[in-house]
Amino acid sequence: MRTLLHLLAIVILSEIPAVTTTAADVEPLLKTLQAVGPEGAGHREAALAWEQLAEADVADLPTILAGLDQAGPLAANWIRTAIDAITERELGRGGQLPAAELERFVLDTQHVPRARRLAYEWLCSVDQTASARLIPRMLDDPSLELRRDAVGQWIEKAASLEKSGKNEQALATYQEAFAAARDLDQIKLLAGRIGKLGGSVDLPRHFGFLVHWKLIAPFDNTDEKGHDVVYPPEKEIDPAASLPGKHGPVQWIDHTTDDAYGTIDFNKAFREEKAVAGYATTEFLSEKRQEVQFRLTTLNAVKLWLNGTLIDEHVIYHAGSELDQYVSTGVLQPGRNVILVKVCQNEQTQSWAKTWQFQLRVCLPDGTAVLSSDRDQ
Amino acid sequence: MRSTLLQLTLAVAAVCGFAGGDWLQFRGNDGTGASPETNLPLTFDAKTNVAWKVPLPGRGPSSPIVVGGRVVVTASSGPKGDRLHVLCFDAESGKLRWHRQLWATGHTACHPFGAVATCTPASDGRRIFAFYSSNDLACFDLDGNLKWFRGLAYEHREARNDAGMGSSPVVSGDTVIVQVENQGESFAAGIDTATGETRWRIEREPDGIWSSPSLLRGKTPSEDVVVMQSRSRLTGHNAQTGKFLWDYEASCHTIASATTCGDRVYLPSYGLHALQYDAAKQTVELLWYEPRLSSGNSSPVVHEGRTYTIKPPAILVCGDVRDGSVLWQLRLQGAQWATPVLAGGHLYVVNHQGLVQIVELGEEGKLVGSVQIDPAILASPAVADGAIYFRGDQHLLKVAFDH
């Protein structure tokens, strides 16, 4: 009897058409997902929309991928995981992905980089020739992930030339890859290979590190209170001024770093000290009004001003750092722009807490350096 | 009804020695690091007692969890570590059931030693809560359907630690609790398991800490107390509301986590502090402190009246929970990051070189087996359904008796 009921249920279910999401349904679902916000805003609606979107036909993948163009970082993950579910389901039942449409999507640079990269990865899962066909054309791609792969292929190509004794061609290939590279590990590797073949690279220029500065220090930062104290450089930058410092009058000094990664080290410019604050200022000449990124790296508490406006601030001491640790956006005005950095050192006594330094570079969102128009090197 | 059943099930876990076939969070269902499983291999190699071994798409010190016949593990990949993975394998066959990827919305810098997938996921038996060093928190059901996603560092931009973060979530009733302690913006939050909305949020001491919260389970989730370390104190809060209940001043270990067992808390802090929790008074009292029971990076395991701690350089120390007296010590090999697991009267200790050292527990500790698996293991193993799951940087491995 029970078996009979089971059979009946199977027959009935097999007569019911599968509920799938049609193309027309996809857009409103994407809009619901795109509307999610912080603190769980829109989650309840999004969870329902996600379930329906995950049932969409694989033919709708380009439309759904395009939904990432209008998605913020939170919404992007809702859409991305739905794409994972759709593709996984289709491949799991032996189906096909729309390879031609995915490839068109990858090559359309009007779409956001992460959507194109995602399309590329799913394309590669069904087309083993995709990487060799597409990536070599992507040395200057707006998607840094696709560009990274292209740089990787260029490195392999150059290494092969080098191995064959074609050093001149290898050097040229490495240099081409270096110009395109935006990731630190690849840049470091390429700088080494180019140097080995007798070439040279200008790392500070490639990154856009600011290397010429005026510095003044030390000011008091006992008990980490100096970070919030408005010392005179925050009111006015007068290169000739003598200002009251922590131990007596202090003056601005000229300082140029020869560090390949633009490190400005207060301990070297002054002396190793704890519980102090220092300032660095420089001018940046811009040919036009332009929005740029300021990428700071420091193990110290820091403030950054552009033309007198505070654009970045972090009160974190010696908690690890990596290149481009803090990214802020500012608008350069045509002509002279004044950059001011405040770097505070605390009173930690560990050997690894001596560092009192920073690096600052100016670049576009893809990491391409933006150089002051009077930059000499 | 289902929720009530689940709450009842979790309430049963209030005593050490949770019985069940799942391993739902870091250090197991009751957070002691001990499993009731008994029939586990003491030796294994590529040909013997390895049920399956599968590759992983990224690194991670995060431990696997086991829920409903599924093994779930997180990983992170990409040059910036910002590709976050959740993978679900069939526990029996090792077949990949589903794989979801996320893009990190928070900071992904971390010490090269670690990875963004540092935090062990947690489960309430129906959902999986995947948490990362970037403070991204995603909830999936067991079939990989996304239920919600929170970017906690996207919402709180200064919540970051450039050495990475490592606190694993715990689940109390319908609240998943995360601890985000760092110099920038420290907080702990209780998130609604069904909707991802914030049920409570409290500010925490602004300093870096990598330990995980633990639970003192009450008769019902409303009586659960979440126990959290900061640099200067251990605090207890109502797990459903975040309400502060008590604190205990101590220079808490910043990596090894406190272990709860019944109504006791064992706090690593330049040795081991045993605290007695009084639910009626909502206070804790120091029972004993033993500096010889200090921890390196792994957390204490507590089982059947004994504590097991590993202090540098790889010395396993067994203590008596009654007074903290040292019962025996055993020298092991290699740097230890992964918290060991206890099952079937044996402790499985995995060192960073990937050497699994199996210690028979008794009046003395006796090394009865050593097996080399993947190098660079930081993840604590999981134990469920007659198997131990080891997670290395490149593989997930199931060890169980061959049929």
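A residue counts as buried if 20 or more other C-beta atoms lie within 10 Å of its own, as exposed if 12 or fewer do, and as partly exposed in between. The views below show a predicted model.

Figure 1. B:Asp385 is found in the loop that links β30 (382–384) and β31 (387–391) of chain B. There are 17 C-beta neighbours inside 10 Å of B:Asp385, so this residue counts as partly exposed. Most residues other than glycine have a negative phi.

**Figure 2. B:Glu304, a further non-glycine residue with positive phi.** The loop between β22 (301–303) and β23 of chain B holds B:Glu304. Phi of B:Glu304 is about 45°. B:Glu304 has 13 C-beta neighbours inside 10 Å and therefore counts as partly exposed.

**Figure 3. Cis peptide bonds in chain A and chain B.** In chain A, the bond between A:Ala217 and A:Pro218 is cis, with omega of about -5°. A:Pro218 belongs to strand β1 (residues 212–220) of chain A. In chain B, a cis bond joins B:Pro312 to B:Pro313, and omega is again about -5°. B:Pro313 sits in the loop between β23 (306–311) and β24 (315–320) of chain B. Most peptide bonds are trans.

**Figure 4. Strand β27 of chain B and its burial.** Strand β27(B) covers residues 346–350, and five of its five residues are buried, so the strand is largely enclosed by the rest of the structure. Both of its faces are covered. One side carries B:His346, B:Tyr348 and B:Val350, the other B:Leu347 and B:Val349, and all of these are buried.

Figure 5. Strand β26 (residues 341–343) of chain B runs antiparallel to β27(B), and three bridges join the two. B:Val341 has B:Tyr348 of β27(B) as its bridge partner. On leaving β27(B), the chain continues to strand β28 (residues 355–360) of chain B, which is antiparallel to β27(B) and joined to it by five bridges. Here B:Val349 is bridged to B:Gln357 in β28(B).

**Figure 6. An open four-stranded sheet in chain B.** The strand order is β14-β15-β16-β17, with antiparallel pairing. The edge strands, each pairing on one side only, are β14 (214–216) and β17 (244–249) of chain B. Neighbouring strands of this sheet are turned against each other by 25° on average, direction ignored. Inside the sheet, β15 (residues 225–229) and β16 (residues 233–238) of chain B pair over five bridges in the antiparallel sense. One of the bridge pairs is B:Met228 with B:Thr235 in β16(B).

**Figure 7. Packing of helices α7 and α9 in chain A.** Helix α7 (residues 113–126) and helix α9 (residues 144–163) of chain A have axes 8 Å apart, at an angle of about 55°. The two helices are therefore oblique to each other. From α7(A), the residues A:Pro113, A:Arg116, A:Arg117 and A:Tyr120 meet A:Leu144, A:Glu145 and A:Leu146 of α9(A). The residues of this contact comprise four nonpolar, no polar and three charged.

**Figure 8. Where chain B touches chain A.** The contact involves 30 residues of chain B and 31 residues of chain A. On the side of chain B, the elements giving two or more residues are β5 (96–103), β9 (146–151) and α2 (152–155). By class, this side has 10 nonpolar, 14 polar and six charged residues.

**Figure 9. Chain B as the setting for the close-ups of that chain.** Its secondary structure comes to two helices and 32 strands. For 403 residues, a compact globule would have a radius of gyration near 22 Å, and the 19 Å of chain B agrees with this. The C-alpha atoms of chain B fill a box of roughly 50 × 45 × 45 Å along the principal axes. Buried residues make up 59% of the chain. Of the contacts in chain B with a separation of 6 or more, 53% are between residues 24 or more positions apart.

Methods: Residues numbered from 1 in each chain as written. Chains lettered and ligands numbered in written order. Predicted model: local features only at pLDDT ≥ 70, side-chain atom pairs only at ≥ 80, totals over all residues. Rg over C-alpha atoms; globule rule 2.2 N^0.38 Å. Contact = placed C-beta atoms within 7 Å. Axes fitted to C-alpha atoms, helices over the stretch in contact; angles between N-to-C directions. Parallel < 35°, antiparallel > 145°, perpendicular 65-115°, else oblique. Nonpolar A, V, L, I, M, F, W, Y, C, P; charged D, E, K, R; others polar. Pairing = 2+ DSSP bridges.
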